[in-house]
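My notes follow the structure.

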Number of protein chains: 2
Amino acid sequence: MSAVLVTGIGELVTNDPGRGAPLGLVGSAALVAEGDRIAWVGPAAAAPAADRALDLAGRAVLPGFVDSHSHLVFAGDRAAEFAARMSGQPYDGGGIAATVAATRAATDAELRALLAARVAELAAQGTTTVEIKSGYGLDVEDEARLLRLAGEVTSETTYLGAHVVPAGRSREDYLRLVTGRMLAACAPLARWVDVFCEPASSHAFDQDEARAVLAAGRAAGLLPRVHANQLSAGPGVRLAVDVGAASADHCTYLAPADVDALAGSDTVATLLPGVEFSTRSPYPDARRLLDAGATVALATDCNPGTCFSSSMPFVVALAVREMGMTPAEAVSAATTGGARALRRPDIGVLRPGSRADLAVLDAPSYLHLAYRPGVPIARRLVLDG
Amino acid sequence: MSAVLVTGIGELVTNDPGRGAPLGLVGSAALVAEGDRIAWVGPAAAAPAADRALDLAGRAVLPGFVDSHSHLVFAGDRAAEFAARMSGQPYDGGGIAATVAATRAATDAELRALLAARVAELAAQGTTTVEIKSGYGLDVEDEARLLRLAGEVTSETTYLGAHVVPAGRSREDYLRLVTGRMLAACAPLARWVDVFCEPASSHAFDQDEARAVLAAGRAAGLLPRVHANQLSAGPGVRLAVDVGAASADHCTYLAPADVDALAGSDTVATLLPGVEFSTRSPYPDARRLLDAGATVALATDCNPGTCFSSSMPFVVALAVREMGMTPAEAVSAATTGGARALRRPDIGVLRPGSRADLAVLDAPSYLHLAYRPGVPIARRLVLDG
């Protein structure tokens with residue numbers, strides 16, 4: 001196993017609490033990677049020797065982005081629905097049916113090619129870990145198929161049979177399927193179970209239905225996470241905290257009790273401001289969550305309906321512009337925050353023993369992620385080969 | 001001069017009024033370029049033969065973006081000022097002095113390298129024409145130097161000696177210089193004259209001062225454009241219309257009389273929403289301008305202080321999300337709108353005789369520029385070589 005010395009790092013974001021705020025920064029830094037792990041991190045002047053060296057000429061390096069919420073396995077797009085929404089039509093989750101139809105109709109090879117292109121697109125923007133949900137199959141065979149394909153590119157696979165109730169099915173029948181035969185087929189292929197808990201949408205699931213889905217998933221060995229409070233200040237966040245979910249995702253509409261519940265728990269508030277951008281919705285109150293002491297993650301929610309952006313740098317810029325987060329808070333949420341939302345202590349941080357998952361910027365500081373919005377300055381740094 | 005046939009264009013934006021709204025679209029299209037000009041445009045089924053062919057496999061093609069407002073020749077960055085502003089400090093134009101100091105201190109070779117990297121960054125995002133202003137020299141020698149460097153990469157050079165009054169100089173003295181010796185040195189190196197007309201800033205110029213700058217520039221053979229109404233509903237827009245300026249840029253704060261003046265004139269309203277994004281300011285009312293019949297352009301204003309974004313796709317996405325423009329209106333404003341703001345009938349449109357300046361998208365439709373915010377899907381399409 002050969003060691004690589006990375007030198008010329010103008011600024012290194014380690015997220016190591018031992019190195020102090022903000023972001024455990026090290027200026028004029030170097031690091032050594034051995035295989036897929038970090039072996040050493042510190043000031044360039046103290047760097048050890050290694051088999052091979054790579055000089056980054058002053059660029060900033062940070063842990064690769066952890067995109068803890070995506071729906072990357074799908075066919076077709078919904079550009080026309082997007083254009084209509086920008087002309088004033090509201091979003092209620094109904095458009096998902098169009099993606100389900102296109103996805104069911106696609107072959108494995110077609111879906112695999114689309115997924116590979118999207119994963120490459122994420123990496124080209126600095127993302128090194130992505131969570132991928134099912135939820136565009138909505139029958140036993142297709143949900144399992146989507147998870148099998150997702151599992152070829154990530155270990156963070158999420159069973160989301162409870163995305164919406166498919167058109168033409170009774171809620172009771174479908175819930176029985178989601179918590180029964182479909183779960184049995186999907187549980188061996190997934191790490192997580194998720195549910196779109198949203199009483200404000202007739203397509204999604206209410207509190208009792210969502211609780212039943214999460215309980216069944218947990219009994220089958222899956223860990224819970226929840227689509228919560230996207231369209232209304234409903235029961236999703238409190239349910240997520242109550243069942244000990246790793247994350248409550250969206251949090252667009254929060255009552256004071258939701259903020260308190262998150263702040264008093266280990267459930268991460270995963271904010272997806274690309275969705276608010278692409279649906280012209282109000283942004284979540286990240287400031288209130290942070291000030292209350294909640295852990296905040298940022299993710300893309302990349303999907304063809306409500307946010308077809310795969311760009312974590314864009315999400316960071318939005319968090320700073322629209323949600324009152326400082327650049328350091330936003331970068332932390334997009335790296336270590338995502339890692340906490342996935343319960344992964346090995347990523348989102350750069351210290352000996354953690355994964356050597358790195359993003360490099362064509363810029364001297366992490367500040368440029370918010371300072372240079374829309375400009376593709378971040379990319380995954382590949383060390384091996 | 002060899003001809004190149006571009007086939008497999010899933011959707012072609014021509015901006016040719018003869019092909020109808022929106023955007024003179026042609027589906028399943030092809031085009032032929034001879035040297036730097038378009039020779040033929042039409043349905044793929046009717047395409048003529050050519051010496052060489054390039055298959056785009058269903059991608060969308062549009063005229064390259066025309067970024068009609070930038071400040072690309074500078075040294076240093078102001079990331080710390082940006083971070084402070086995101087924590088609540090207001091912008092009044094005072095930070096320009098920091099860039100002036102860094103730019104004056106840089107050698108020609110340093111500035112040339114920075115400029116080349118920025119022009120490459122723009123091209124990598126689909127921009128094929130960029131206007132570049134001076135304004136970080138603010139003395140005779142440095143203003144001329146910046147225009148000489150800008151002229152090495154674009155014919156759209158703008159003399160902006162009247163950017164701000166440099167610290168420690170009297171307004172009267174500096175205005176005499178800007179309209180006298182500095183203008184004499186710069187006029188042979190520029191096509192345009194510009195002035196930051198903003199009575200609300202003590203650093204910028206009031207109506208009478210701005211009028212004097214534009215009149216002197218015109219007398220020296222330069223065509224006028226104006227930084228107008230960025231910080232207040234001041235006299236800038238009406239001055240621009242009054243002197244027949246090609247463009248009034250910013251238009252952040254508009255009185256009803258400003259909208260009427262623009263609608264009744266050939267002066268283009270150039271909107272720069274990246275500035276409002278990066279300064280957390282209210283967005284210009286594009287809808288009101290369009291509904292009144294004004295011509296609207298979109299540009300980046302790429303500069304180290306108020307918007308260090310070089311991304312026209314980002315500007316298009318912001319225009320749709322924040323300014324009520326349809327995706328078609330935004331794409332038109334970013335291409336043919338910019339061309340009109342530069343009085344350039346040869347760009348921003350694809351028809352026989354126009355320049356073969358092309359952008360290609362990793363997407364099947366122009367809609368994706370707004371539908372996929374932050375994702376680097378656009379790039380300049382290079383045909384020769």
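This is a predicted model: local features need pLDDT of at least 70, side-chain atom pairs count only at pLDDT 80 or more; totals for chains, interfaces and linings use all residues.

I found an open sheet of 7 strands in chain A, in the order S8-S9-S10-S11-S12-S13-S14, with parallel pairing. I then looked up its edges. They are strand S8 (132-133) and strand S14 (296-298) of chain A, each of which pairs on one side only.

Next I checked one pair inside the sheet. Strand S9 (residues 157-162) and strand S10 (residues 192-197) of chain A run parallel and are joined by 3 bridges. I noted that A:Ala162 stands opposite A:Val195 in S10(A).

Which helix lies across S10 to S14 of chain A? I found helix H13 (residues 327-341) of chain A there, and it runs at about 100° to S14(A).

I moved on to the domains. Chain A is divided into domain 1 (3-64 + 348-381) and domain 2 (65-341). Their C-alpha centres lie 29 Å apart.

I looked up the contact between them. In chain A, 18 residues of domain 1 are in contact with 20 residues of domain 2. The buried area is about 1,400 Å², and carbon and sulfur atoms give 73% of that. I listed A:Gly64, A:Leu369 and A:Arg380, which supply 32% of the area that domain 1 buries against domain 2, more than any other three residues.

How many salt bridges are there between the two domains? I counted 0. For polar contact, the count is 4 residue pairs.

Last, I checked which elements of domain 1 touch domain 2. S16(A) gives the largest share of that side, 3 residues.

Definitions and conventions: Residues are numbered from 1 along each chain as its sequence is written. Chains are lettered from A and ligands numbered from 1 in the order in which they are written. Side-chain values use heavy atoms; hydrogens and water are left out. Two strands pair if DSSP finds at least two bridges between them. Helices (H or I, at least four residues) and strands (E, at least two) are DSSP runs, numbered from the N terminus. Contact means heavy atoms within 4.5 Å. Axes are lines fitted to C-alpha atoms, for helices over the stretch in contact, and angles run from 0 to 180 degrees between N-to-C directions. Domain bounds come from an automatic or database domain assignment. Buried area is the accessible area (1.4 Å probe) that two parts lose on being put together, summed over both. A salt bridge is a side-chain nitrogen of Lys or Arg within 4 Å of a carboxyl oxygen of Asp or Glu. A polar contact is a pair of N or O atoms within 3.5 Å; within protein, one must be able to donate a hydrogen and the other to accept it, and residues adjacent in sequence count only if both atoms are side-chain atoms.
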